[in-house]
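Q: I have just opened this structure and would like a guided look. Could we go through it piece by piece?

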Amino acid sequence: MKKLSVCVLFGGMSPEHEVSLRSAESVLNHLDPNKYNIFPVGITKSGSWILFGGKDYSLLPSGQWENHPDNRQVAISPVRGQGLLSFEGDCVVRERIDVVFPVIHGENGEDGSLQGLLQIAGIPYVGPHVAASATCMDKCLTKLVADQANVRQADWLLVTRQDLEADEAQRLNAIEAKFSYPVFVKPAGTGSSVGVSKAKNREALSKALHAAAKYDTKVLVEEFINGREVEVAVLGNRTPAASVCGEIDSGAEFYDYDAKYISECSRLYIPARISDGASEKVREAAVRVYEALGCQGLSRVDFFVTYEGEDVVFNEINTIPGFTSISMYPKLFEASGIPYSELLDQLIELAQKA
């Protein structure tokens with residue numbers, strides 16, 4: 001049986017570069033080299049594309065991979081049939097690529113940009129396609145679609161960077177008229193909780209808005225939902241399936257970047273500590289959101305389940321969820337009976353059928 005050639009793309013120029021390196025390390029260590037010809041391609045923070053020439057993927061998280069002596073400069077050609085181009089002096093070598101597995105989180109990785117390149121190149125790839133990726137990356141657009149799908153979500157207000165610069169006091173007054181403290185403030189287009197803050201008063205709100213506006217021209221302000229943070233992994237194309245529910249106890253004010261990737265204060269509960277009825281509602285809502293947004297392949301869908309009454313409230317969706325050793329997406333499917341390596345096989349197969 002012919003091996004498939006799989007290109008794992010990682011790194012990127014977004015603030016989530018380091019998270020991507022950790023995800024890629026896990027993915028590369030779990031891909032079976034007996035099944036696949038593996039091409040690990042990293043994008044540096046400055047935008048260079050490098051085919052990693054080593055086999056020790058533990059070099060990725062520290063950034064040491066960039067200096068491996070066997071590295072080569074590469075590019076994915078937008079011309080159909082050319083695949084991966086590597087440059088050796090004056091020579092260009094073409095490598096056939098059957099599937100691309102993007103593990104680039106955030107800007108230019110899961111916002112439709114990379115998906116557009118792969119679509120033009122005619123190369124199958126893991127995860128949602130262009131429109132779904134762009135819509136899911138923009139939290140404002142996601143919320144509009146979720147509204148149309150009749151999925152309950154936290155009430156929200158959009159603040160633009162231009163609004164903030166023109167009349168900050170007016171923006172603050174409008175937010176305070178709509179919400180009680182605390183509120184959450186988020187850039188519209190980041191993941192991994194980058195730029196997200198919880199504001200408990202006007203001064204903190206002002207700081208949070210300016211912090212979020214550094215990452216995006218659009219900023220969301222959301223009402224506080226007093227509930228458990230529950231996540232569901234979804235897998236599939238036309239008939240997607242939801243995993244068991246998992247719960248995150250952040251051990252902090254909320255599940256921020258530090259709680260996710262740096263500190264050891266957070267705890268994961270699989271299955272989530274909610275009733276069977278609430279669990280089924282979360283899983284059903286996850287698939288409804290996934291289908292309404294036009295996703296395929298995979299996504300992780302995040303909810304709150306209120307402490308009082310166990311109401312299910314949609315939070316957000318992530319089309320290239322973390323694949324680190326501690327990430328929820330692979331852990332949830334492992335708990336659902338699909339081990340990590342088998343999950344990667346299924347994702348690659350779904351990419352070919354999309």
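This is a predicted model: local features need pLDDT of at least 70, side-chain atom pairs count only at pLDDT 80 or more; totals for chains, interfaces and linings use all residues.

Q: What is the phi of Asn 108 near?
A: Phi of Asn 108 is near 65°, a positive value in a residue other than glycine.

Q: Is Asn 108 buried, exposed or partly exposed?
A: Asn 108 counts as partly exposed because its relative accessibility is 38%.

Q: And where is Glu 310 found?
A: Glu 310 lies in the loop between strand E15 (297-306) and strand E16 (312-318). Its phi is near 50°, which is also a positive value in a residue other than glycine. With a relative accessibility of 25%, Glu 310 counts as partly exposed.

Q: Let us turn to the sheet. What is the order of the strands in the open sheet of seven?
A: The order is E6-E5-E4-E3-E2-E1-E7, and the pairing is mixed. At the edges are strand E6 (91-95) and E7, each of which pairs on one side only. From one strand to the next, the twist averages 35°.

Q: In what sense do E1 and E7 pair?
A: E1 and E7 are paired in the parallel sense, over four bridges. Within E7, Phe 101 is the bridge partner of Val 8.

Q: Which strands does helix H2 touch?
A: Helix H2 (residues 113-121) packs on the sheet and touches E1, strand E3 (49-51), strand E4 (72-76) and E7. The direction of H2 makes about 75° with that of E4. Another helix, H11, lies across E1, E2 and E7 and runs at about 125° to E7.

Q: Which residues touch the most other members of the largest nonpolar core?
A: They are Phe 101, Phe 323, Tyr 329 and Leu 347, in a core of 37 residues. Among the elements that each supply at least two residues of this core are strand E1 (4-11), helix H1 (17-30) and helix H10 (328-335). The largest share, seven residues, comes from H11.

Q: What does Tyr 329 touch?
A: Leaving out residues up to four places away in sequence, the contacts of Tyr 329 include Val 234, Arg 300, Pro 321, Phe 323, Leu 343 and Leu 347. There is also a second, separate core of 27 residues, which includes Ala 146, Ala 278, Val 287 and Tyr 290.

Q: Back to E1 for a moment: is Ser 5 buried or exposed?
A: Ser 5, which lies in strand E1, counts as buried because its relative accessibility is 4%. A polar atom of the Ser 5 side chain lies 3.5 Å from the backbone oxygen of Arg 96. Apart from neighbours within four places in sequence, Ser 5 is in contact with residues including Asn 37, Phe 39 and Val 99.

Q: How many disulfides are there?
A: The count is zero. For Cys 295, the nearest cysteine sulfur is that of Cys 136, 3.7 Å away, whereas a disulfide requires the two sulfur atoms to be within 2.5 Å. Cys 295 is buried, with a relative accessible area of 6%, and Cys 7 counts as buried at 0% relative accessibility.

Q: One last topic: which residues does a cis peptide bond with omega of about 0° join?
A: That cis peptide bond joins Tyr 181 and Pro 182. Pro 182 is in the loop between helix H6 (168-178) and strand E9 (183-187). A cis peptide bond with omega of about 5° joins Ile 270 and Pro 271, and Pro 271 is in the loop between strand E14 (267-269) and helix H9 (276-292).

How values were computed: Residues are numbered from 1 along each chain as its sequence is written. Side-chain values use heavy atoms; hydrogens and water are left out. Buried means under 20% relative accessible area, exposed over 50%, partly exposed in between (1.4 Å probe, protein chains only). A nonpolar core is a set of buried Ala, Val, Leu, Ile, Met, Phe, Trp, Tyr and Cys residues joined through side-chain atoms within 4.5 Å. Contact means heavy atoms within 4.5 Å. Two strands pair if DSSP finds at least two bridges between them. Axes are lines fitted to C-alpha atoms, for helices over the stretch in contact, and angles run from 0 to 180 degrees between N-to-C directions. A polar contact is a pair of N or O atoms within 3.5 Å; within protein, one must be able to donate a hydrogen and the other to accept it, and residues adjacent in sequence count only if both atoms are side-chain atoms.
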